[in-house]
Amino acid sequence: MTTTVLVHKSEITAETLVLFGFKGASLQSLLPDYVAKSQLCIDESIVFKGEQNERKMIVVRNNKIKRVLVIGLGSKSDVSLISFKNVCAEIYKLIQKENYQSVALHCSSVTIKGSAIEEVYAVAAECAPLALYSFRRFKTLEEKKTKYLSRIELIVAEKGSKRLIVEAVQRASLIANSIVHARDLINEPANYLTPKDFVKRIQQRAREVKLTVDVLDEKELKQKKMGGILAVASGSVNKPALLVLKHKGSGKNKKTVCLVGKGVCFDSGGLSLKPAKSMMSMKYDMAGGAACAEAVIAAHRLNVKHDVIGLVPLVENAPDGKAYRPGDVLTMYSGSTVEVFNTDAEGRLILADALSYAKKYNPDIVCDLATLTGAAKICLGDKAAAIMGNDQQLINTLIAIGEKKGERLWQLPLWDEYLDDLKSDIADCKNISLKGAGTITAGKFLSQFIPKAKWAHIDIAAVAWEEEGKAYTPKGGSGFGVCLLVSYLLSL
Ligand code: BES
Ligand code: ZN
Ligand code: ZN
């Protein structure tokens, strides 16, 4: 566990101090008044230029601070909040690797065009638990590491730091905590995270933060005739559920926002079975559900003014004698009928029921998050999630927030003509199009089930799982969407 604290220069306890310099800055100009040049063991021939990725470690004499790590940020005009977040993430990992248990960052000198200083502190705080995250539950043979980076001190210029910085850092740490919890759920293998386990885990979290959670079990789903959820779940011994998280906002003129997340705890494809290679990673097919549930939890802890309802349909998609088949016709919760052409296009079936169920809450805004189509990776690679919807302003707002927060979105069109590709000979529609545009037609399918509200659909199939490991996103579940959704709710 790493704690991040704001400290005045007189309160620094870390032995390692990090200083940041833009291109062109001299070392002399970077030194704060609590470290004198005469204390540095520095060979005069070493010059610091402030180039991006430049690092100089300097030993300090006669000071509580034993070493200074000087980091180059590059040209001032090129530095963004995200690039600074990446730099901080690399620093934390480096410090951890060196077995230092604490570090102090001199953030006040980092001015970023278009961003307030509290945002600089916020990203420095937010990325710490994210960069140092690892999923260790099943590692029994590893040596227990004794030294962790456990204390991060962000140095503030004035004693009794400014309220805005304190609040921004608290907010960022809380959002990071939700991202970490979402990652934990995503990384859990499907034999440890059935729909029931998912429900239990969220109930436990909700209890801790005093948030109301309702669960519709299989019996209630049957009573309510949620034909999409029930059909997808029919091939698995693990029973489905619809998880409902309810945050009551206290603001005046409050809106109601429904966050709907795909919760397929394992997607084998069902009878339209996936090939082994594509099935391998399908435990993460509940990443949208994890992100939505954690976003509601974070929104609750942050006292978001609006009512926020999280809806997570939970199933396992498995092949079996009882499984739903290609060719079956389903009657959905909305009453409309769907001909199943492919049982691997299951996400849209469970989301359709959850989206129609959202009507009950009379939402102003509905946003769904889903690892919906492999095609999302074909259009955008792992660089952005695809966004679609019926309200351009909502989409623009989400895109702008995503850009700022490092969760990039790119819009795809939902032209009416795509609906023609979903026509069925015997039912109201079919569940896939045979004419390409897989990500769009999945979105178009969903559009038939939304309540009367502003709606955005975000396909996170390509970004919910990190393949290589990035600065503050290690390999595995990324938690994509938590920061985006919470930031959106806070901005509303
Ligand atoms: N869960 C998958 C989508 C997916 C693929 C997520 C790869 C993450 C990585 C979804 O249920 C699915 O199988 N979609 C099919 C739809 C097809 C049958 C129209 C797909 O994308 O191939
Ligand atoms: Zn599928
Ligand atoms: Zn799926």
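Reader: Which residue in E7 is the bridge partner of Val103?
Author: Val103 has Ile152 as its bridge partner in E7. Strands here are DSSP runs labelled E of at least two residues, helices are runs of H or I of at least four, and both are numbered from the N terminus. This is a predicted model, in which local features need pLDDT of at least 70, side-chain atom pairs count only at pLDDT 80 or more, and totals for chains, interfaces and linings use all residues. Residues are numbered from 1 along each chain as its sequence is written, chains are lettered from A and ligands numbered from 1 in the order in which they are written, and side-chain values use heavy atoms, with hydrogens and water left out.

Reader: OK, and do E6 and E7 run parallel or antiparallel?
Author: Parallel: 4 bridges link E6 to strand E7 (residues 151-156). Two strands count as paired if DSSP finds at least two bridges between them. E6 (residues 102-105) is also joined to strand E2 (residues 16-22), again in parallel, through 2 bridges. Leu17 has Ala104 as its partner in E6.

Reader: What's the strand order of the whole sheet?
Author: The open sheet has 7 strands with mixed pairing, in the order E1-E7-E6-E2-E5-E4-E3. E1 and strand E3 (40-41) are at the edges with a single partner strand each, so one side of each has no neighbour in the sheet.

Reader: Switching to the metals. Which residues hold the zinc ion (ligand 2)?
Author: Asp267 (OD), Asp344 (O), Asp344 (OD) and Glu346 (OE) are its protein donors, at 2.0 to 2.2 Å. Donors are N, O and S atoms within 2.8 Å of the metal (3.2 Å for Na, K and Ca), and sites may look incomplete because water is not among the atoms.

Reader: And what holds the zinc ion (ligand 3)?
Author: The zinc ion (ligand 3) is coordinated by Lys262 (NZ), Asp267 (OD), Asp285 (OD) and Glu346 (OE), lying 2.0 to 2.4 Å away.

Reader: Which geometry does each one get?
Author: The zinc ion (ligand 3) has 6 donor atoms at angles of 78 to 173°, so its arrangement is octahedral. The zinc ion (ligand 2) also has 6 donor atoms, but with angles of 71 to 167° its site is irregular. The rule goes like this: four donors are tetrahedral if all angles lie between 85 and 135 degrees; four are square planar and six octahedral if opposite donors are over 155 degrees apart and all others between 65 and 115; anything else is irregular.

Reader: How far apart are the two zincs, and what coordinates both?
Author: The zinc ion (ligand 2) and the zinc ion (ligand 3) are 3.2 Å apart, with Asp267 coordinating both. Asp267 sits in strand E11 (residues 263-267) and Glu346 in the loop between strand E14 (337-339) and helix H10 (347-357), so the pair ties together parts 79 residues apart in sequence.

Reader: What about E16, how many of its residues are buried?
Author: Strand E16 (residues 385-389) has 4 of its 5 residues buried. E16 runs parallel to strand E17 (residues 409-411), with 3 bridges, and Ile387 stands opposite Gln411 in E17.

How values were computed
Buried < 20%, exposed > 50% of the residue type's maximum accessible area, 1.4 Å probe, protein only.
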